[in-house]
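Here are my notes on this one, starting with the surface. Have a look at the model first, then read on.

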Amino acid sequence: LCRWGGGGGGGDVNGVGEEALRKLVEDRGVDVMGNEYCCQQCDVDRERLSTDWSYVPRKNRQGLRSTRKRRKELREIDE
């Protein structure tokens, strides 16, 4: 969800998302409108530069490795 420049678009209403945004803004004072750097993450047409900020998810990688290892071990047992 990119809200930079008044974005948001679409007519769909996500009640959970809207409540989360309300709590972030009203209860915690978080600026959810983005800034000049947020497009570095969400604009897929933008050329990536080495100086850009980007998020690299890592939390689930161990879970994926464990699942892969477990499935491999199960295949080896079946053979």
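1. Start with the nonpolar surface patch: Leu-24, Val-25 and Val-30 make it up, and together they have about 190 Å² of accessible area. Patch members need over 30% relative accessible area and no salt bridge, with nonpolar side chains (Val, Leu, Ile, Met, Phe, Trp, Tyr) joined within 5 Å and like charges within 9 Å. A salt bridge here is a Lys or Arg side-chain nitrogen within 4 Å of a carboxyl oxygen of Asp or Glu. Areas are Shrake-Rupley values with a 1.4 Å probe, and for residues only the protein chains shown count as cover.

2. A word on the source: this is a predicted model, where local features need pLDDT of at least 70 and side-chain atom pairs count only at pLDDT 80 or more, while totals for chains, interfaces and linings use all residues. Numbering runs from 1 along each chain as its sequence is written, and side-chain values use heavy atoms, leaving out hydrogens and water.

3. Val-25 sits in helix α1 (residues 15-27). Its relative accessible area is 39%, so it is partly exposed (between buried, under 20%, and exposed, over 50%).

4. There is a negative patch too, from Glu-73, Glu-76, Asp-78 and Glu-79 (Asp and Glu count as negative, Lys and Arg as positive; His and chain ends are not counted; charges are placed at CG of Asp, CD of Glu, NZ of Lys or CZ of Arg). Glu-79 belongs to the segment after α3 (61-78) and is exposed, at 79%.

5. Overall, the chain has three helices and zero strands (DSSP runs numbered from the N terminus: H or I, at least four residues; E, at least two). Buried residues are 5% of the 79.

Definitions and conventions: Buried < 20%, exposed > 50% of the residue type's maximum accessible area, 1.4 Å probe, protein only.
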